[in-house]
Amino acid sequence: MNKNEIHQFLAQQKQLDLYRSRSTTDTPQAVKLKQNGKSYLNFCSNDYLGLANHPKLVEAFTKGVRQYGVGSGASHLINGHSRAHHQLEEELAAFVRRPRVLLFSTGYMANLGVISALLAKGDAVFEDRLNHASLLDGGLLSQARLQRFQHSDVSDLESKLSNSKAKNKLVCTDGVFSMDGDIAPLAELVKQSAKSNSWLMVDDAHGIGTVGATGRGCLEVVNATVDDVPILVGTLGKALGTFGAFVAGDEDLIEFLIQRARSYIYTTAMPAAIAEATRMSLKLVDEESWRRDQLNKNISFFKQGLAQAEITGLACDHFDTGSDTAIQPIVIGDVQATMQLSAKLKQAGILVSAIRPPTVPENTARLRITFSAEHSQQQIEQLLDCLNK
Ligand SMILES: *Cc1c(COP(=O)(O)O)cnc(C)c1O
């Protein structure tokens with residue numbers, strides 16, 4: 001694009017209500033936060049367990065800074081890989097019950113690194129149509145043939161797999177879908193991948209910490225082993241409340257990624273103090289299991305409230321069913337209407353994000369409501385009242 005085209009693009013985005021902008025927050029990520037001096041009730045963060053500002057995390061982080069300083073100063077393969085990183089990898093591996101774990105600086109980078117290391121021209125990657133952008137970008141970067149199957153449609157996947165003559169095949173899915181909150185049909189995906197001799201990769205960014213009896217994520221629900229799902233990706237910036245990501249798999253896979261994942265090799269290691277804080281998060285996921293229970297109570301409370309409410313004027317696919325996770329979409333369709341609803345909620349002191357294309361498919365703009373263990377029932381009632389109006 002030249003300068004003139006950029007200028008026109010920006011004007012057009014504004015006109016279509018597709019312009020993206022940031023709000024500036026002055027307080028920690030929490031259920032109540034402040035922007036420009038005004039207090040808001042927050043229903044758009046991914047801090048599902050309320051750990052991002054937990055005193056024990058703050059303490060572990062601070063202690064980590066005192067021990068290791070702030071910056072890691074180098075990539076993992078030079079000398080940025082600290083004892084804290086190493087311990088976190090071992091503890092994460094135990095947590096997700098897999099032989100090895102490799103830390104990445106972000107989930108976006110983990111997905112890019114894994115897919116592009118594993119696949120090349122002549123290979124094929126099969127992605128759910130609603131997969132996170134980073135999984136799609138990883139597929140594009142790899143130069144493998146990218147085929148998208150209908151959302152959670154295992155028979156569509158099956159026919160695409162059986163028609164493929166690719167040398168290596170990778171099936172790729174979100175665990176919890178980030179904009180819809182539904183969970184992938186993992187047991188069937190495991191079957192199809194095994195049948196077609198394909199790799200299976202599950203990105204459980206939103207499931208780790210929240211889903212499963214002990215918060216091990218979507219794979220816990222179906223009891224999937226490392227043989228069933230050889231590649232598991234999780235992020236640390238959501239329920240675990242810190243920053244970064246990991247890939248879990250067997251010994252060879254992890255050693256291979258250390259040799260070949262470019263987004264692992266050519267970047268600075270995350271600060272060691274982040275690793276120390278995340279080690280505390282893992283402890284809290286186990287020790288404070290009431291957080292997961294409370295989150296689930298909050299989700300049910302909202303869904304019941306929504307089912308009872310007469311929410312008129314909103315044609316919402318997802319109203320009756322809702323999802324079973326902390327992500328509850330209210331699909332509006334029209335971009336302008338979605339933006340207006342989000343703005344009205346904000347005027348009433350409630351933050352709910354409006355999600356527009358291309359983050360979601362055309363005509364499925366939506367409000368994306370997310371819950372935290374720290375929300376009270378009274379706060380959820382306040383949201384329901386506001387939605388009702
Ligand atoms: C948030 C998210 C990512 C990206 O993780 P970051 O650590 O924020 O880069 C990847 N995949 C899914 C499904 C996500 O929701």
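Phe43, Phe302 and Phe371 form one aromatic cluster in this predicted model, and the structure holds three aromatic pairs in total. Phe302 and Phe371, in turn, form a tilted pair, 4.8 Å centre to centre and with 50° between the planes; here the link runs from helix H13 (residues 290-308), which holds Phe302, to the loop between E13 and H15, across 69 residues. Phe43 and Phe371 are both buried, and Phe302 is buried as well.

Rings also take part in contacts with charged side chains. The charged end of Lys346 sits over the ring of Tyr40, 5.5 Å from its centre, and Lys14 lies over the face of Tyr19, at 4.7 Å from the ring centre.

Turning to the helices, 13 of the 16 residues of H12 are buried, so this helix is largely enclosed by the rest of the structure. Its length can be checked as well: at 1.5 Å a residue, the 16 residues of H12 (residues 272-287) should span 22 Å, and the end C-alpha atoms are 23 Å apart, which agrees.

Two packed helices are described by the angle between their axes and the distance between the axes. For helix H5 (residues 107-118) and helix H6 (residues 133-142), the angle is about 35° and the axes are 8 Å apart, and the crossing is right-handed. On the H5 side the contact is made by Gly107, Tyr108, Asn111, Leu112, Ile115 and Ser116, and on the H6 side by residues including Ser134, Leu135, Gly138 and Leu141.

The backbone deserves a separate look. Most residues other than glycine have a negative phi, and most peptide bonds are trans. Against that background, the peptide bond from Pro357 to Pro358 is cis, with omega near 5°, and Pro358 is placed in the loop between strand E12 (353-355) and E13. Asp17, although not a glycine, has a positive phi of about 65°; Asp17 is found in the loop between helix H1 (3-15) and strand E1 (32-35), and is partly exposed, with a relative accessible area of 24%. Gln143 likewise has a positive phi, near 70°, and lies in the loop between H6 and strand E5 (145-149), where Gln143 counts as partly exposed at 49% relative accessibility.

How values were computed
Residues numbered from 1 in each chain as written. Predicted model: local features only at pLDDT ≥ 70, side-chain atom pairs only at ≥ 80, totals over all residues. Heavy atoms only, no water. Helix = DSSP H or I, 4+ residues; strand = E, 2+ residues; numbered from the N terminus. Expected span 1.5 Å × (residues − 1). Buried < 20%, exposed > 50% of the residue type's maximum accessible area, 1.4 Å probe, protein only. Phe/Tyr/Trp six-rings, centres within 6.5 Å; stacked < 30°, edge-to-face > 60°. Lys NZ or Arg CZ within 6 Å of the ring centre and 35° of its normal. Axes fitted to C-alpha atoms, helices over the stretch in contact; angles between N-to-C directions. Left-handed = near helix turned anticlockwise from the far one by under 90°. Contact = heavy atoms within 4.5 Å.
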